[in-house]
Amino acid sequence: MHRLLCFFPSKSNPLKNPISPFRNLPIFRTENPTRSPLRPATGFGLHPSVPTPPNRSPLSRFHLVSTNLSSLIHSTGGTRRFSGESGGREALHYDVVIVGAGPAGLSAAIRLKQLCRARNTDLSVCVLEKGSEVGAHIISGNVFEPRALDELIPCWRDEGAPIEVPVSHDKFWLLTENRALSLPSPFDNKGNYVISLSQLVRWMATKAEELGVEIYPGFAASEILYDEDDKVVGVATNDMGVAKDGSKKETFQRGVELKGHITLLAEGCRGSLSEKIIRDYKLRDKGQGQHQTYAIGIKEVWEIEEGKHVPGTVLHTVGWPLDMKTYGGSFLYHMNNRQISIGLVIALNYRNPYLSPFDEFQKLKHHPAIKSLLEGGSVLQYGARTLNEGGFQSIPNPVFPGGAIIGCSAGYINVPKIKGTHTAMKSGMLAAEAAFNVLDGGAQMEMYWDSLKRSWIWEELYRSRNYRPAFEYGLIPGLAFSALERYVFRGRLPLTLKHGKPDHEATDIAGVHTPIQYPRPDGRVSFDVPTSLYRSNTNHEHDQPAHLRLRDPTIPERVNLPLYAGPESRYCPARVYEYVPDEKHGMKLHINAQNCLHCKACDVKDPKQNIEWTVPEGGGGPGNFGGKDLSLSKIAEVLGKYYLHMQILSAVSISMEDFINLC
C-alpha cells in the first residue's frame with residue numbers, strides 16, 4: 001500500500017480546502033488540514049507527521065514520501081496491536097472495526113467514543129471507507145430529519161454542522177405528459193432541512209476524529225475474516241497493484257487485515273460483505289423473512305438562475321414519465337448557493353426490459369414544469385445509487401457472530417417518507433451501545449436486535465410497512481391505498497401486505513413488450529451518458545481485475561440477449577455493459593468496469609443473478625466534491641493558482657511548461 005505523498009496545505013494556507021478533483025491526478029493529493037494525521041488516503045498528500053524543512057513556512061511543504069498503512073498507524077500510535085504474520089498480510093487489531101464512513105458507520109463510531117468518555121474507559125475504533133475521501137461516494141441533495149442527530153450530538157447547531165436550509169415549501173405533484181396536478185403533500189417535512197449529505201458526513205468524520213476514531217479512506221474491505229468457530233473477527237482490504245490479467249505490477253502491495261472484537265458493516269445498500277453475511281448466516285430468515293426489494297435513484301445537482309431559486313423548496317412527483325404499472329417518482333430539492341438536486345427513483349421490479357432508467361430521467365427533465373426551472377442553468381454533478389425499499393417486511397436479523405449490520409446495509413429506509421439517513425444513524429448508535437456493553441460489560445451482541453425492536457425505528461417502519469407493496473397493483477390503487485393508510489388507519493391496519501416477486505424475477509421476456517424509442521438529448525437540459533459520466537468524476541485504475549464478475553460468462557449471449565434483449569445495456573446508468581460484434585459475426589457482452597458508478601443495479605436486476613458486484617481497488621469510483629465547479633476552465637484556474645503558490649513560496653523551482661507536463 002505504498003503511496004507517493006506530496007503537497008499538504010496547512011491551516012494558514014490561503015488555499016484552504018483546495019479543489020478536490022486533483023485527487024486522481026498523478027501529482028497532487030490535497031488533504032483537508034482539519035483532518036486527523038491518521039488519514040492515509042489514496043493518491044497524493046503530505047502526511048502531517050512529516051516535518052516542515054528548516055527555514056520554510058508550513059505552506060511550503062512539498063516532499064516525496066513513501067508510506068504504508070501499518071507504518072502510518074505506528075507513527076501515530078493509534079492502534080492497540082500490530083502483527084505481520086497473517087498469511088503474508090499485515091494485521092492491525094482494534095476493539096471495533098467499522099466498514100463504511102457513511103451516516104450509520106460514523107454515528108456508530110461517535111457513539112462508541114462518547115460512551116468511552118462517559119464510562120472513563122478506552123476502546124480502539126477504526127472506520128474503513130472505500131471512497132478516496134469521506135463523502136466521495138455520496139452525491140449531494142437530501143431532505144434530512146435531524147431526530148437521530150439531536151440524540152447523537154445535541155448541540156450540532158452550535159458546532160458548525162452543514163445543516164442550514166430549513167424546508168420552506170413542501171409540494172407533491174401528479175405529472176401527466178404536459179401537466180402537473182397538485183396533490184396534498186404526505187411528507188410532513190416541517191422541521192427538516194435540505195442538505196448536502198456528503199458535506200454532513202465529512203463534518204461527522206471530523207467529530208469522530210476529535211473523539212479519537214481512526215478513519216481510513218481509500219481502503220476497500222473485500223473479505224470477511226473468520227476464526228475456527230466461524231465467528232467474524234474482522235475484514236481484509238483487497239490487494240493493490242494487481243493487473244487486469246491477475247499478474248502483480250511493480251506497485252503491488254498485499255492487503256491489510258483489520259481484526260476486531262466486534263465488526264460493524266455499514267456499507268450502504270447492497271453492500272457486498274453485508275450480502276454475504278446475510279446469505280451465509282440466513283439472517284433474513286431470522287428476521288422478518290421477506291426478500292429485499294430495491295429501486296435505482298438517478299440524480300443531478302444543478303446550479304440554476306438566481307430568480308428561480310427558492311431555498312428550502314421540496315418537490316416530489318409521481319406519474320409521468322413512468323407507466324401506470326411502474327413504481328417510482330421524482331424529487332427536486334432547492335439547496336443553498338443556487339443549487340438544486342433533481343432525480344428520478346424507479347423501482348427495480350419494473351417489467352419492461354426495454355426500460356432505461358437513465359433515459360427516463362433525461363425525459364423527465366423535459367416536462368414543462370421542470371424544464372423551465374432548469375433552462376439557463378448548468379449541471380455540477382451526476383450520480384446513481386440503489387435504494388432499499390423493502391421496509392419492515394424485509395428487515396433481517398442484523399446480528400451475526402462477531403458483529404452486526406447497520407444502516408442501509410440492513411435496510412431501514414422509510415419509503416413513504418423517502419428518508420433513511422435518520423434511521424441509519426439511529427441503527428448505528430444502537431449497535432454501538434450494544435458493542436460497548438459487549439466489550440465493557442460482558443453483554444451479548446443480540447442486545448442490538450432487541451434494542452432495535454424497542455426503538456422508534458421499528459415503530460416508524462411498522463407504521464409505513466404497507467405503502468410500498470400497495471403499488472404492486474399499479475399507481476392509482478397504490479395512491480388510493482396509501483391515502484387510506486395515512487389518513488384513516490394511520491399505520492394501524494391489522495394486515496401486512498407482502499412484496500411481489502424479487503426484482504430480478506419481475507423482468508418480462510422482451511417479446512411481450514415493444515422497444516422504447518427515447519428522444520435524443522438536447523445538450524442543454526438532457527444529456528448523453530458520456531457527458532454525465534464526466535460530471536460524476538468517476539475514475540478507476542484501468543489495469544486491474546474487473547470488479548464486476550460474471551458467475552457464468554455464457555449467460556449474457558445465451559439467455560439475456562435472446563430472451564430479454566440485453567437489459568444490462570439499459571438498466572445500468574453508466575453504460576458499463578454493452579453488446580458488441582464478435583469475431584463470429586454475433587454479439588458478445590463487453591464490460592466497461594471503469595465506468596461503474598457503484599450503484600449496484602446490476603447486482604440486483606440481472607434476470608439470472610449472474611453479475612456479482614465486488615469492490616474495486618480502494619479510492620476508485622465516483623467522486624463527489626460538494627457541488628464544486630469541475631469545468632476544465634476551473635481546473636486550469638486552480639492549477640495556475642497552485643503553480644503561482646509554489647513559485648511564490650520557493651517550494652519548488654519548475655517552469656510552467658514542465659509543471660503542465662507533469663500534471
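How many bridges join strand 25 to strand 26? I looked this up first in the predicted model, where local features need pLDDT of at least 70, side-chain atom pairs count only at pLDDT 80 or more, and totals for chains, interfaces and linings use all residues. Residues are numbered from 1 along each chain as its sequence is written, and side-chain values use heavy atoms, without hydrogens and water.

Entry: I found five bridges between strand 25 (residues 577-581) and strand 26 (residues 587-591), which run antiparallel. Strands pair if DSSP finds at least two bridges between them. Strands (E, at least two residues) and helices (H or I, at least four) are DSSP runs, numbered from the N terminus. I noted that Val-580 has Lys-588 of strand 26 as its bridge partner. Five residues lie between the strands of this hairpin, and His-585 takes a positive phi near 65°.

**Entry: a helix pair.** I then turned to helix 2 (residues 103-118) and helix 9 (residues 421-441), which pack at about 40° with axes 7 Å apart. Axes are lines fitted to C-alpha atoms, for helices over the stretch in contact, and angles run from 0 to 180 degrees between N-to-C directions. Helix 2 and helix 9 are therefore oblique to each other, since angles under 35 degrees count as roughly parallel, over 145 as roughly antiparallel, 65 to 115 as roughly perpendicular and the rest as oblique. The contact (heavy atoms within 4.5 Å) involves residues including Leu-112 of helix 2 and Phe-436 of helix 9.

**Entry: the whole chain.** I recorded 19 helices and 27 strands. Of the 663 residues, 60% count as buried, that is, under 20% relative accessible area with a 1.4 Å probe, protein chains only.

Definitions and conventions. Buried < 20%, exposed > 50% of the residue type's maximum accessible area, 1.4 Å probe, protein only.
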